[in-house]
Amino acid sequence: MTTLSPENSVSARQSASFILVKRRPPIDKTEWDSFFDENGHLAKSRDFICVNILERGLHPFVRTEAWKFLTGYFSWQSSQDERLTVDSMRRKNYKALCQMYEKIQPLLENLHRNFIETRNNITHDIQKLYDKDPLGNVLIDKKRLEKILLLSYVCNTQAEYQQGFHEMVMLFQLMVEHDHETFWLFQFFLQKTEHSCVLNIGVGKNLDMLSTLITFLDPVFAEHLKGKGAGAVQSLFPWFCLCFQRAFKSFDDVWRLWEVLLTGKPCRNFQVLVAYSMLQMVREQVLQESMGGDDILLACNKLIDLDADELISAACMVYAELIQKDVPQTLKDFFL
């Protein structure tokens with residue numbers, strides 16, 4: 001067992017403290033612009049900006065530009081001119097990938113059975129998306145979305161297509177104007193979050209660490225989950241595969257959580273603390289009714305229309321609690 005440093009304890013208390021007072025307004029365009037000098041270089045530290053994003057969030061008018069820094073699309077050290085060059089390069093690279101895909105598509109269709117199956121899955125998933133707002137206005141272009149997902153599948157050897165990616169990429173398409181931005185932001189998002197939403201890479205690790213965290217912080221609940229609730233935690237993989245997208249009441253709430261994950265604040269793998277906080281919402285019901293695995297999963301699936309700020313606050317408090325204890329090395333390595 002190891003105890004986290006006093007510096008980390010102070011940091012965690014600070015990151016959780018914003019739940020005790022009314023949250024300050026999100027960072028708007030005027031304030032965001034004040035973070036840069038006349039050449040477009042950062043005048044504030046990256047850490048300062050990330051802590052403010054954790055505590056306050058981003059105004060919708062700022063989100064697109066800020067996410068390009070948070071994901072790594074732009075370097076934090078870049079000037080305005082350098083960012084224009086990078087964006088042009090990313091546009092050209094995306095166009096080159098599209099041209100390559102068009103050339104090799106016949107080969108993929110003839111030689112790779114998985115390609116045809118995956119393409120059919122993507123088409124089927126996209127058709128199920130509701131693409132209009134309550135007034136009937138079209139929100140997304142399904143053809144463009146399909147193209148981006150297919151290109152991502154062909155080019156990203158680490159993260160094969162999985163059900164749910166279509167919903168995630170849709171949110172990127174809603175945020176930005178151009179296809180090359182949607183494509184690259186999604187790729188960088190996967191990398192920045194350490195592929196935590198990818199089934200064959202991060203999801204299993206998240207579930208294992210969630211079980212470890214429950215055992216450490218809440219042994220009574222852990223004992224129930226290992227007995228009558230066996231398998232319940234492992235059944236929560238959709239939370240991670242979709243980055244909790246279906247748990248929130250609005251797209252703004254989803255973006256709010258995702259941008260916190262991108263900051264790396266207050267710790268790495270914050271998504272597991274979020275999942276722990278959600279489980280705590282059903283804890284009393286589970287124990288009082290002595291629920292089994294299927295009933296626990298059903299109760300968890302009813303966690304919808306959540307408020308992102310409240311959930312982030314709860315997860316920050318879990319982190320503040322965690323670092324006050326003698327933390328097992330496995331948890332320390334995972335979160336720090």
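Predicted model: local features only at pLDDT ≥ 70, side-chain atom pairs only at ≥ 80, totals over all residues.
Where in the chain does serine 290 lie? Serine 290 sits in the loop between helix 14 and helix 15 (293–301).

**Cysteines**
- The count of disulfides here is 0, taking a disulfide as a pair of cysteine sulfur atoms within 2.5 Å.
- Cysteine 155 takes part in no disulfide, and the nearest cysteine sulfur, belonging to cysteine 98, is 8.4 Å away.
- With a relative accessible area of 30%, cysteine 155 is partly exposed.
- Cysteine 316 is likewise in no disulfide; for this residue, the nearest cysteine sulfur is that of cysteine 267, 8.0 Å away.
- Cysteine 316 is buried, and its relative accessible area is 0%.

**A cis peptide bond**
- If you follow the backbone from lysine 265 to proline 266, you will find a cis peptide bond, with omega near -5°.
- Proline 266 belongs to the loop that runs between helix 13 (251–263) and helix 14 (270–288).

- Glutamate 194 is not a glycine, yet its phi is positive, near 55°.
- You can find glutamate 194 in the loop between helix 9 (179–192) and helix 10 (199–217).
- Glutamate 194 is partly exposed, at a relative accessible area of 40%.
- Serine 290, back in the loop between helix 14 and helix 15, has a positive phi of about 50° although it is not a glycine.
- The relative accessible area of serine 290 is 31%, making this residue partly exposed.

Note on methods:
Residues numbered from 1 in each chain as written. Heavy atoms only, no water. Buried < 20%, exposed > 50% of the residue type's maximum accessible area, 1.4 Å probe, protein only. Helix = DSSP H or I, 4+ residues; strand = E, 2+ residues; numbered from the N terminus.
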